[in-house]
Every structure is written in C-alpha cells, then in structure tokens.
Amino acid sequence: MKIKRIMLPIVILVMGVGSLIALSSMRKPPEEKPQEDVVPIVAVKDVALGSLSLDVSSYGVMQPKYETQLIAQVSGQIVKLSDTFVRGGFVEKGQLLAQIDPSDYEAALVDAEANLASATAALELEKAQGKVAEREWQRIKDTSPTELSLRKPQLAQEMARVKAAEAAVKRARRNLDRTKIIAPYHALISDRTVGLGAVVGMGNPMGTIMSVDTGEIRLPVANNQLRFLNEQGVGSSVNLTSDQVGKDFSWQGKIVRSEGVIDNQSRMSYLVVEVNDPYGLTEQKTPLKFGTYLNATIDGIKITDAAIVPRHLVQDKKIAIMNKNDELEYRAINILRQQGKSVVVNQGLRDGDRIITSAMDYPLPGMKLALLSDESAEPLDSETDESETQVALGDN
C-alpha cells in the first residue's frame, strides 16, 4: 500500500509532463510578416505666384460737399414762396426760393437815386462856378489866386457828396436784391423754417440747403494701411457699395484730399472721397442719398510674385511644404500683409511649391511624406476674403 501511494503521484506527474510536451510539439510557430515602413499621408496645394492689388477697406457716410443755412439779410414779410422750397425738394442754381416784401426797399432805391441826381447837378454847377472864378483871376496880373478863390474846396465837397450818393444807391439796390432768396447752387432742401406771410428780421434763419453737384465721404484708414496706397491714397479710385432695399448697389468715387491729421480718439487718418452727381440728376444712375452708410474699397498698390496663404498654415513665420524629394520642409516666409483669414506672402515661396494643408501627428523636418492616392494637388485660391477688415501686420 505504501508503494502504491508513492508511485501514483509520480505516474500522474509523468503523464502530465508527457501530455504538455506532446501539445507543445503540435503548436504551429507564428508566421513572420514583412516589416512595413509607415509614411504619413498628407494633402497639399500648389503655390501659384501672381500679381496682386493690395486694396484697402474702409467705411463712411455720404454727406454733401456744401451745406448752407439761408439767413435773412433784410427785414420784412414773406410775400412769395417757391413750390420747390420744401423739405426734400430739388432746386436749380439761381432759382428764386422766397421773396421778402420789396416795397420799402424799392422806395429807398428811388430816394437814393434822387439824391444822386441832385448831388450830380450840384457838382456840375460847382464846376461851372470854378471855371468862372478862374477866368476872373486871369484878368488880375499882380496877385496869385488862392484855392478858396478858385472854389476848389467847394468842388471837392460836391464830389464827396456825389460819391456818398452813389454809395447810397448801391446800398439801396443791394438791399432790394436781398429781398430775393436765391439758391446759390443746385441743391436739395434739407429744412425750411418760414412760411408765407411770416415776418422775418435780419439774421433770422429761413432754411437749409445741400449741394447735389458733389458729395463727400470721410474714410478712416489706419496709418499702417497707408503704405499700401499710392501717394497715401490721394487720387486713388474708390468702389463704394451699399445694401439698399435688399440689393447691393455700387458707385465710383475718387479720393481728392487727406485731412492731414490723426484723430485723437480713433488714431485714424481720414481720406475724403468725392462722388459727382450723387442723386443722378444729370445722368441715369442709382441715387446715392445723403446719410447712406457705405463700404469702401480703395485701389491699392500692385505687387508681383506674391501668393495668398491661409493664415492657420503659418506658424512662427514658417510654413510646411512637401519638397521635391517628398520630404517635410519648413520654409521661412515674409508676410507682407494679413487680410481676413489669409496672409499675403511676397518672399519665401516659389511657383509650384506644395504647401501641406492637412494636419500631421508628429512632424519632423526631413521625414518622408506621401500624397493622398488618386488626388492631385490643388492650386491655392488667389482671391482674398473681402468680408473681413484688412489689417496690416507690423514689421516683417
């Protein structure tokens, strides 16, 4: 019994070891797979260098070039008003807008003219008397005539009276002309403050008119944007746009001057754009009303061999490209300007360079890259994003 108890475990152990060896000999070894070289696959866009216009965006409100408040220069009652002398009415240059009662001023003119005729007659009489006095003194040989004896002081006095009478006539005629309120230019009536039959005094306002020959828009421009404009913008063409009644309309203008100062609050320089015939009275076009808010695009300088690159692809003034050897390369670039979601690059890129537009997990310079299969590189879009304000960068 003791021998059986000792031998049984030994037999079981030997059988287990034998079964393990048999099973191990039946297992197939794993197949060896060839080692694969993992190359990142990227998407690229080709660079196409070309000419670009660095236009500058701004905004402003349409205003008249001339706005005049009509003031009464004489007193009296309003006896006539033009039918077009109403708010929103258009009037021609030289048109009569209102008439102040001219009766008193006509009488004053007649009185001044009568005084002038009397003074002129007295002057002629004095001239004749002076000639008589001179002939009488010529008969006397032993003495010299005096100024008084030749009646020269009296003649000077009569000449002064004539001049005063002439001045009074001019004054009376001018006051009579001032009873007529005349439009000084082609205008739009902005306001009228008098009515028919009203009595106005000297200095009383009668209305306000705005010139419709020319309109102006003040455009604020940042100082770092002026470098993109020829002659700092003076003489440049401007495209003006506005949304009216659900449609976009455009007009053309020209920068005629710079205000020459920097605004203390906004730190902006202001350029003034003129638009001829904004209401389209002489030519058929969409009216550009005073007070209209406008978006402006100023024609900028032209540059060559430049490209527009999405801003998010640039880091530390470098951009990732796939070189001719299909390797990752970081190229240093010069950013001339930032506009919207893109930047303008004028140095560092060449025609045909492939800019990497897809993200990479662990990019290392010199690593091998592969293109997406069956997809060719697309050229970079050269159109700028005009929906955002263009802001120039600092030093390159």
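Start at E329, which counts as partly exposed at 27% relative accessibility. The model on screen is predicted.

**Stop 1: a charged network**

R331 is buried, with a relative accessible area of 10%. E329, R331 and D353 are linked in a network of salt bridges.

**Stop 2**

Select residues 334-339, strand β22. Is this strand enclosed or open? Five of its six residues are buried, so β22 is largely enclosed by the rest of the structure. Which residue stands opposite Q338 in β23? That residue is V343. Then go to the turn. Two residues separate the strands of this hairpin, and G340 in the turn has a positive phi of about 65 degrees.

**Stop 3: more salt bridges**

Zoom out. The structure holds nine salt bridges. Select R87 and D191, a salt bridge whose closest N and O atoms are 3.1 Å apart. R87 sits in the loop between β6 (76-81) and β7 (90-91), and D191 in strand β10 (residues 187-192), so the pair ties together parts that are 104 residues apart in sequence. Colour by accessibility here. R87 is exposed, at 63% relative accessible area. D191 counts as partly exposed, at 24%.

Next, pick R218 and E259. Their side chains form a salt bridge of 2.6 Å, N to O. R218 belongs to strand β13 (residues 214-222) and E259 to strand β15 (residues 247-262), so this pair joins parts 41 residues apart in sequence. R218 is partly exposed at 43% relative accessibility. E259 is partly exposed too, with a relative accessible area of 32%.

**Stop 4: aromatic rings**

Switch to the aromatic side chains. A search of the whole structure finds five aromatic pairs. Select Y59 and Y293. How are these rings arranged, and why? The ring centres are 6.3 Å apart and the planes meet at 20 degrees, so the pair is stacked. Y59 lies in strand β4 (residues 56-64) and Y293 in strand β17 (residues 293-298), so the pair ties together parts that are 234 residues apart in sequence.

Move on to F249 and W251. Here the centres are 6.5 Å apart and the planes are at 35 degrees, so the pair is tilted. F249 is partly exposed, with a relative accessible area of 22%, whereas W251 counts as buried at 5% relative accessibility. Finish with F90, Y279 and F290, which form one aromatic cluster.

**Stop 5: a nonpolar patch**

Select helix α1, residues 2-26, where V11 is found. I6, M7, I10, V11, V14 and M15 make a nonpolar surface patch of about 580 Å². V11 is partly exposed, with a relative accessible area of 41%.

**Last view: the whole chain**

Clear the selection and show the cartoon. The chain has three helices and 27 strands. Of its 396 residues, 33% count as buried. Among contacts with a separation of 6 or more, 75% join residues 24 or more positions apart. The accessible surface comes to about 25200 Å², with 52% belonging to carbon and sulfur atoms.

Definitions and conventions: Residues numbered from 1 in each chain as written. Predicted model: local features only at pLDDT ≥ 70, side-chain atom pairs only at ≥ 80, totals over all residues. Heavy atoms only, no water. Helix = DSSP H or I, 4+ residues; strand = E, 2+ residues; numbered from the N terminus. Buried < 20%, exposed > 50% of the residue type's maximum accessible area, 1.4 Å probe, protein only. Contact = heavy atoms within 4.5 Å. Areas by Shrake-Rupley, 256 points an atom, 1.4 Å probe, with all protein chains shown as cover. Patch = residues over 30% accessible without salt bridge, like charges linked within 9 Å, V, L, I, M, F, W, Y side chains within 5 Å. Salt bridge = Lys/Arg side-chain N within 4 Å of Asp/Glu carboxyl O. Pairing = 2+ DSSP bridges. Phe/Tyr/Trp six-rings, centres within 6.5 Å; stacked < 30°, edge-to-face > 60°.
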